[in-house]
Amino acid sequence: MVTYIVRRLITAVLILLGASFVVYILTAASGDPLQEYRGSNLPNVADLIKARTQLLDLDTPAPLRYFKWLAGAGGCLIPFAGSCDLGKNLAGQPVTAALGQAMTQTLGLVTAAIILAVLVGVFLGIITALRQYSALDYGVTFMAFLFFSLPIFWVAVLLKEYGAIDFNNFLRDPQIPLLTALTIGLVVAVLAWIISGGAVKRRAVSAAAAFVVVTAVLLYLSVTNWFRSPGLGPVVILIAGAAIAFGVTLLSAGLKNRKALYSALITVGLGIIAYYSVQGLLDQATPLMIVLLAIATVLVGAAVGYFMGGYDRGQNMRAGGITAFLIGVLIVADKYMQNWPDYFNNGRVRGRPIATIGAATPNLNGDYWVSGLDAFTHLILPTVALVLISLASYTRFTRSSMLEIMNMDYIRTARAKGLSERTVVMRHAFRNALIPIATVVAFDIGGLIGGAVITETVFAIPGMGVLFFDGISHVDPNPVMGVFIVTAITAMVFNLIADLVYSALDPRVRVKS
Amino acid sequence: MRLGRISKALGVAAVAALALSACAGNSGGTSSSSAAAAKSGGTATVVEVNAFNTFNSNTADGNTDINSKVAYPTHSSFYYIDNKLNVVHNDKFGKFEKISDNPLTVKYTINDGVKWSDGAPVDASDMILQWAVASGYYNDADATGKKGTSYFSYAGDTTGLGLTSFPEIGDNNRSITIKYSKPFADWEIALDMSAAIPAHVLAQKAGLKDSQAFIDLLKGLPKGDPKAPKPANAQLKKMADFFNTGFDTKTLPSDPSLYLSDGPYIVKSMTPDQSLTMVRNKDYNWGPTPSLDEITVRYIGDSAAQVQALKNGEADIVSPQASSDTVEQLKAIQGVTVDQGNQLAYDHLDLNFSGPLKDLNVRQAFMKTVPRQDIVDKIIKKLDPNAKPLDSQIFVPQQASYADSVKSNGSADYQSVDIDGAKKLLNGATPTIKIMYNKDNPNRVDAFSLIRESATKAGFKIVDGGLGKSDWGKALGDGSYDATIFGWINPGVGVSGIPQIFKTGNGSNFNKFSDPAADQLMDKLIQTTDKTQQNDLEKQIDQKIWASGYGLPLFQSVNVDAYSDRITGVKLMPNQTGVWWNFWEWAAK
């Protein structure tokens with residue numbers, strides 16, 4: 001194992017050296033760095049050309065310049081020596097500093113996007129595999145490929161137009177007319193018809209229920225001006241909590257395990273008590289406090305499961321812990337919603353909360369909740385754009401992998417043993433279907449760190465993609481190399497991790513040392 | 001269910017909750033903190049393309065549009081340039097006057113009470129620093145850059161102040177007097193304090209006691225001579241190094257002396273690569289008083305994103321790159337005013353004074369075939385319906401002398417295409433003309449196609465010499481083509497730039513135009529200090545250029561600004577200061 005890793009790392013270094021040389025030469029040869037001064041009629045153009053030539057060391061041929069750059073970059077290998085020198089960009093700013101800033105921005109943008117894309121993609125993949133060749137399957141496949149093939153700059157512009165500008169216009173006077181509510185209800189009813197599956201009667205019932213509930217909720221929200229001062233309140237949390245408790249138990253332990261169900265339900269009860277008791281505490285929230293609270297919540301849920309006892313405490317604890325966490329999420333979401341009017345009426349926001357550019361409202365100076373909302377309103381559109389385009393691959397991968405597993409002999413055996421369908425799908429099929437997905441996700445993370453060039457440009461988020469693009473367009477190899485190094489290293493590390501994880505997940509695969 | 005266990009669990013939960021209250025933030029609740037950020041009067045958000053990265057926009061690296069635009073409202077100067085390209089004096093800051101013509105001597109005096117935001121007066125030491133930077137007085141680096149030292153990096157042209165000797169300081173350290181060894185036409189804009197670095201800060205950073213020690217140091221040093229480089233002066237070098245890089249930052253420095261202001265605004269906060277906010281400089285009373293309390297700059301590179309940010313109310317003033325899409329989108333937004341006008345940049349067709357175009361008749365014949373009106377109609381009209389072909393090689397329509405010069409410069413002969421006239425001049429010849437242009441610029445491609453179509457009618461054989469965007473610039477002046485279409489930028493104010501293009505043998509004279517009479521006029525021009533005489537000379541030069549069959553100016557690039565109805569007072573400006581030129585007139589409704 002160790003030999004394997006060492007060998008992989010040595011190969012990685014060699015690949016990195018070769019690739020960086022090629023990228024450097026290609027960037028340097030991609031254009032004329034003095035282009036903006038050619039044909040210029042500035043009186044001091046000769047001096048400016050001299051300054052730029054010195055800054056980029058253009059008198060040295062590109063292949064030799066690469067080795068100069070490499071010498072500086074080699075300093076990065078010595079930890080804490082401060083000798084890391086990746087060169088300077090055209091503005092004279094060190095690339096290392098620029099990279100640091102850009103990486104923070106990119107990570108902020110892609111983290112949520114990749115988590116959401118994986119969760120939604122895997123979920124849709126499993127559902128479509130279980131309902132192969134149903135209307136749902138075709139519908140999801142169609143949508144996934146549609147989003148996959150849409151140009152992202154166009155999606156982004158549309159999202160801004162409808163998701164930001166028009167939604168903000170709507171928020172000015174958030175009234176939903178009856179006709180709109182009915183139409184939305186109808187659309188949801190059709191979706192419910194497709195999703196629910198089964199006999200016509202069952203479909204009709206769920207479609208009708210969906211229609212009535214959605215229309216009623218929309219009208220209720222409209223009448224109570226909910227969009228201006230949203231909130232969940234204890235009643236919704238209680239109802240949603242009960243649903244969560246049943247759902248989590250169903251998936252993690254099965255409803256037959258009464259101890260697990262009771263643990264989950266008790267956790268919901270505790271959650272409602274906590275809802276009232278932590279409000280004052282949450283008013284003064286800090287990020288650290290939220291993390292500690294989250295840990296505490298999971299522990300409480302697990303503890304409830306532990307104290308329920310029974311023949312399988314592990315299942316109780318899992319059901320309790322997951323339910324507790326989700327209830328916690330609801331309470332925090334409710335707290336965010338309570339702070340919405342504060343954010344909405346803030347002078348900096350001017351009553352137009354959903355943003356089209358940047359990562360934060362300048363000079364907002366809000367507390368934890370207001371700045372959290374600000375980050376949310378800024379990141380929601382780029383995140384949606386990124387999720388939409390990366391959804392397709394996860395959905396399709398999960399679907400095909402799940403279909404393959406479901407046809408395996410051991411699944412038939414499991415069914416023959418008389419295991420419940422839940423156990424067959426969740427424990428025998430799903431886990432094994434995840435193995436190939438792990439590889440895909442690892443690859444994607446490596447790619448996404450490199451920045452989403454177009455998304456970043458359109459949403460004016462100064463991340464790695466923008467840094468890379470600027471470098472290319474100014475024929476400035478240093479920032480390009482900086483981005484390349486970071487991307488290449490993450491890609492290789494995640495590749496290695498993917499291989500190791502693969503062998504850990506699937507005992508049949510062994511890394512050869 | 002056993003109650004005991006549940007109560008134990010509850011107990012644990014309660015203890016945990018108590019423990020957590022210890023790590024609560026002390027922001028004191030939500031309502032107070034966000035109410036504090038409520039509307040405090042007039043604010044505006046201006047969108048710029050590039051991100052701010054240094055408080056010193058004098059240096060070659062730092063002299064980007066955005067750094068200069070931030071320097072402008074955070075500094076005061078003896079003058080500013082208005083959108084008619086006039087030099088407007090600011091007598092509240094100080095005055096400057098020409099006290100002698102021979103030798104040319106200019107005295108600059110800063111008023112009492114003008115001070116930096118740390119309370120230090122703006123005085124002679126600051127002017128001496130700016131003079132030292134803009135004159136290159138101490139530099140003795142030779143052409144190869146291997147021997148000698150270049151001290152202060154400076155993006156501007158040093159030829160003007162380079163003619164001066166160390167200024168005389170007077171009026172209790174509030175004035176300097178600069179003496180030129182030769183008359184210099186652009187003396188009025190030679191010393192610009194609109195991006196000045198405070199000398200007392202630089203002195204401190206270099207380990208000097210105060211600004212007096214700074215003046216004494218500079219006074220004692222000899223003028224640098226590139227022919228006889230001397231070892232670098234350590235103190236000056238230290239100071240210059242700090243000047244060149246010490247003010248570079250993307251975040252607000254913790255040391256306020258790095259972003260002192262002597263202008264109406266001072267920078268309050270910065271988010272790297274995203275935004276910068278300026279608020280009123282409370283001491284300021286030495287110039288036009290702004291009406292907004294706060295100006296925020298946000299950086300958006302993408303034009304479409306700028307338009308949508310304006311539409312969504314995240315921006316109040318945008319000046320995106322002009323394209324017909326952008327203009328259309330802007331005009332479709334309710335409550336937004338769109339202004340269109342000219343930039344100082346203009347496209348032109350240059351004919352080589354060699355090869356098939358050596359003969360004046362052939363050049364003039366070619367000029368007669370150029371469909372300038374058509375080019376403007378097809379390329380520019382969709383952006384600016386009022387656009388007209390540019391009719392002068394020296395002036396732009398914003399300048400008062402343009403109309404006058406156009407009447408007499410000979411451009412009247414080339415107002416419309418004259419194929420018959422061209423045929424007559426060609427006298428049956430069918431010269432082959434290779435036209436070089438940037439084929440990655442759609443406007444140039446369109447202009448080329450229109451010219452080719454028209455010139456072919458007169459018998460010219462046109463060869464497409466278009467090159468890619470990174471190659472065309474290198475090909476300029478290398479003789480591989482006969483005519484070329486590209487862009488120049490009119491300086492707007494000042495005349496020193498004219499010989500750079502039109503004088504025999506100069507750097508940007510790519511088509512080898514040479515007219516001894518014009519050369520003489522230009523020599524005289526750059527030594528003429530009187531505005532009226534300058535205009536007369538410029539008009540004569542304009543005439544000579546047109547008469548020589550030099551080529552044709554085609555059109556000016558279009559300048560588009562748009563602003564929301566929350567803001568008033570925004571006016572178009574053709575030069576690189578852009579909308580910022582009259583920021584003090586901006587007001588919130």
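Let me begin with helix α8 of chain B, in which B:S303, B:A305, B:Q306, B:V307, B:Q308, B:A309 and B:L310 are buried, that is, under 20% relative accessible area with a 1.4 Å probe, protein chains only. The model is predicted, with local features needing pLDDT of at least 70 and side-chain atom pairs pLDDT 80 or more, while totals for chains, interfaces and linings use all residues; side-chain values use heavy atoms, without hydrogens and water. Residues are numbered from 1 along each chain as its sequence is written, and chains are lettered from A and ligands numbered from 1 in the order in which they are written.

Helix α8 covers residues 303–311 of chain B, and seven of its nine residues are buried. Helices here are DSSP runs of H or I, at least four residues, numbered from the N terminus. After α8(B) comes B:G313, with a positive phi near 75°.

I turn now to the interface. Contact, meaning heavy atoms within 4.5 Å, joins 73 residues of chain B to 70 residues of chain A. The two chains bury about 5,700 Å² between them, 54% of it on carbon and sulfur atoms; this is the accessible area (1.4 Å probe) lost on being put together, summed over both.

Which side chains meet in a salt bridge at 2.3 Å, N to O? They are those of B:K311 and A:E161. The rule, a side-chain nitrogen of Lys or Arg within 4 Å of a carboxyl oxygen of Asp or Glu, finds three salt bridges across this interface. On the side of chain B that touches chain A, helix α1 (residues 3–21) gives the most, with ten residues.

Terms used: Helix = DSSP H or I, 4+ residues; strand = E, 2+ residues; numbered from the N terminus. Buried < 20%, exposed > 50% of the residue type's maximum accessible area, 1.4 Å probe, protein only.
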